[in-house]
Amino acid sequence: MIARVIAVKRQIRWALVGALCWVVLPSFALAWSDPLSKEERLGRTIYHLGEAEGTEEIRAQVSGAREFLPATLFRCAQCHGVRGEGTQEGGLRVPSLTPYALRHATDSSQTGHHRAPYTAETLARAIREGLDASGRPLHLSMPRYRMTPVQVAAVVAYLTQIGEEVDTDPGITATTISVGTVLPLSGPLAQIGEDVRAILSGALSRVNERGGVYGRQLRLVVEDSAGDPERTAAATARLIEQQQVFALLGSFLPSGDSALPQLLQHRQVPLIGPLALSPRLSDPPHPAMFYSLPGFGLQFRALVDFVVGRAMELTGTARPALAVIHAEGSENVEALQSVRRQAVHDGLAIVVDQEFQPGRLDAEPLVMQLKERGIDALVFLGDGQDLSALGTELDRQGAAPLLLSAVNMVGPRVRTLPVSLLPRVLLTASLPPPTQRDLDQVMALAGFDRISSVGFGRMAHIAASMLVEALMRTGRQLSRTTLIEALESFRDQEAGQGDALTFGPQRRLGTFRSLVLGWAPDAPHLVPVSGWILPAGDP
């Protein structure tokens with residue numbers, strides 16, 4: 001797996017502009033200092049999430065209901081706004097909870113009653129009993145909350161600060177925004193981590209040179225994961241709990257199970273543009289993780305569609321016989337399932353479906369079987385070394401099926417295939433090949449004379465572009481909630497690499513489209529033979 005990742009990282013490349021002058025904060029940098037008291041911070045958490053770690057479960061009851069339900073379903077911020085500004089819900093004007101609004105008497109637009117200014121005591125009563133400052137019932141839409149005295153006092157304390165300058169998420173000060181990233185700075189993937197760190201720093205430095213985002217400078221705090229799933233989750237926890245970063249940017253996600261998704265969901269910390277060869281999307285989508293590029297599943301579906309659409313030209317038959325040769329391992333499961341599903345959708349018969357152990361492909365009998373079964377096209381899910389061994393045997397036995405795989409899987413070893421097979425190679429990719437100018441710009445941004453992980457650097461810059469655009473849309477009144485809402489507002493947002501990103505409340509993948517690359521005799525050899533392809537059927 002490691003060998004393949006090291007090979008893959010040299011394949012995807014990215015165009016970047018700018019100079020590196022920003023200093024990356026090491027993991028021992030001073031943590032953010034909370035402007036809210038401990039009680040106010042607890043109240044803020046309850047206001048936004050309807051719960052708080054280490055406290056009893058909060059329950060809520062709506063008018064006419066007998067049962068109390070989890071307060072997470074009736075979060076204060078949902079109706080009263082992230083900063084207590086009030087909202088308009090279905091023709092109902094939900095009142096403001098800002099300190100000014102609560103301190104002054106007013107007439108309720110919902111009930112028509114005049115109410116007195118709130119005190120700490122009457123505000124606590126409103127939360128628990130649904131009575132306003134004058135003792136009259138609040139509107140029926142206002143839930144009644146079952147909270148402990150400590151929880152109620154915390155919410156009341158927070159409402160004295162809501163919407164003020166100190167009402168911020170961790171990592172935000174008047175002059176800075178701290179973001180964190182987890183990278184493999186040690187171990188066999190350390191070069192990836194060093195290159196990505198330099199490129200993220202270079203991308204953020206351009207923003208800081210222009211004055212930052214609404215007067216705030218961007219600070220990058222880096223933790224080492226050594227490329228291990230468990231250490232990735234632990235390093236992320238340190239960034240959130242100890243370094244108190246506002247958001248996560250371009251963290252490297254190795255293959256394998258990790259506690260990271262659960263950690264991010266619990267803490268409500270957005271992870272923007274994680275670096276993953278094949279994103280693991282969930283249903284429903286993970287609320288805090290925003291991926292930029294499609295994984296192997298979507299890429300291979302696009303590749304199958306492309307072959308079906310040009311079957312006569314490529315194979316000489318309208319319904320080519322398909323073989324799927326796949327290496328054992330969990331990282332290939334999504335791609336394998338997608339190939340099988342898309343073949344059924346497109347009416348293709350998978351005549352041979354065979355698994356092998358990585359590095360132990362027995363090519364001779366496999367090729368004999370492929371010839372006997374009249375295979376027209378072969379989907380290969382494995383690394384470049386095994387593909388090269390298979391290609392050598394295909395050439396020896398005089399077989400030349402269409403060879404289908406992914407750039408991020410086989411890497412540069414595709415160039416070692418026999419010359420007779422190279423014109424038969426089609427590879428799917430999430431980004432177009434780079435130009436020499438692209439490579440020069442990557443190295444200039446990183447501040448290096450040479451960079452070996454241009455592919456991951458390209459993805460890192462996409463992540464930085466996503467962050468900056470979302471911050472610009474959010475404005476000076478920044479929170480994690482408003483940052484997520486800004487990302488969800490992306491519609492065909494250019495990220496600088498020839499495709500555009502779109503997100504939404506139920507969408508956490510920026511693009512579902514892929515390209516197909518073919519072999520050319522002249523450098524750069526792999527060139528697009530298709531436009532952007534959106535796979536047929538459900539995404």
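User: How many salt bridges does the structure hold, and what counts as one?

Analyst: A salt bridge here is a side-chain nitrogen of Lys or Arg within 4 Å of a carboxyl oxygen of Asp or Glu. The structure holds 15 of them. Keep in mind that this is a predicted model, where local features need pLDDT of at least 70 and side-chain atom pairs count only at pLDDT 80 or more, while totals for chains, interfaces and linings use all residues. Residues are numbered from 1 along each chain as its sequence is written, and side-chain values use heavy atoms, with hydrogens and water left out.

User: Which parts does the salt bridge of Arg 476 and Glu 165 tie together?

Analyst: Look at the N to O distance, then at where each partner sits. For Arg 476 and Glu 165 the distance is 3.7 Å. Arg 476 is in the loop between α17 (454-474) and α18 (480-488), and Glu 165 is in the loop between α6 (149-158) and β8, so the pair ties together parts 311 residues apart in sequence. Helix and strand names come from DSSP runs numbered from the N terminus: H or I with at least four residues for helices, E with at least two for strands.

User: What about Arg 340: which residue is its salt-bridge partner, and is Arg 340 buried or partly exposed?

Analyst: Relative accessible area sets the label: buried means under 20%, exposed over 50%, and partly exposed in between, using a 1.4 Å probe and protein chains only. Arg 340 pairs with Asp 353, with the closest N and O atoms 2.9 Å apart. Arg 340 belongs to helix α12 (residues 333-346) and Asp 353 to strand β14 (residues 350-356), so this bridge links parts 13 residues apart in sequence. Arg 340 is partly exposed at 34%, and Asp 353 is partly exposed at 37%. Salt bridges can also share partners, and that joins Arg 44, Asp 167 and Asp 169 into one network.

User: How do I read strand pairing, say for β8 and β9?

Analyst: Two strands pair if DSSP finds at least two bridges between them. Strands β8 (residues 176-183) and β9 (residues 217-224) run parallel and are joined by eight bridges. From β8 the chain passes through helix α7 (residues 190-209) to β9 in a right-handed β-α-β crossover; right-handed means that, with the strands pointing away from the viewer, the path from the first strand over the helix to the second runs clockwise. Within that pairing, Thr 181 has Val 222 of β9 as its bridge partner.

User: Which strands pair with β20 in the antiparallel sense?

Analyst: Strand β21 (residues 526-528) is joined to β20 by three bridges, with Gly 518 opposite Val 527. The hairpin of β20 and β21 has six residues between the strands, and His 525 there takes a positive phi near 75°. Four of the five residues of β20 (residues 515-519) are buried, so the strand is largely enclosed by the rest of the structure.

User: How do I check a helix such as α8?

Analyst: Compare its span with the expected one, which is 1.5 Å times one less than the number of residues. Helix α8 (residues 229-241) has 13 residues and reaches 18 Å from first C-alpha to last, close to the expected 18 Å. Its buried residues include Pro 229, Ala 233 and Leu 239. The buried residues of α8 pack against β8, β9, β10 (247-249) and α9 (260-267). At the N-terminal end, Asp 228 is the cap, with a side-chain oxygen 3.1 Å from the backbone nitrogen of Glu 230.

Definitions and conventions. Contact means heavy atoms within 4.5 Å. A polar contact is a pair of N or O atoms within 3.5 Å; within protein, one must be able to donate a hydrogen and the other to accept it, and residues adjacent in sequence count only if both atoms are side-chain atoms.
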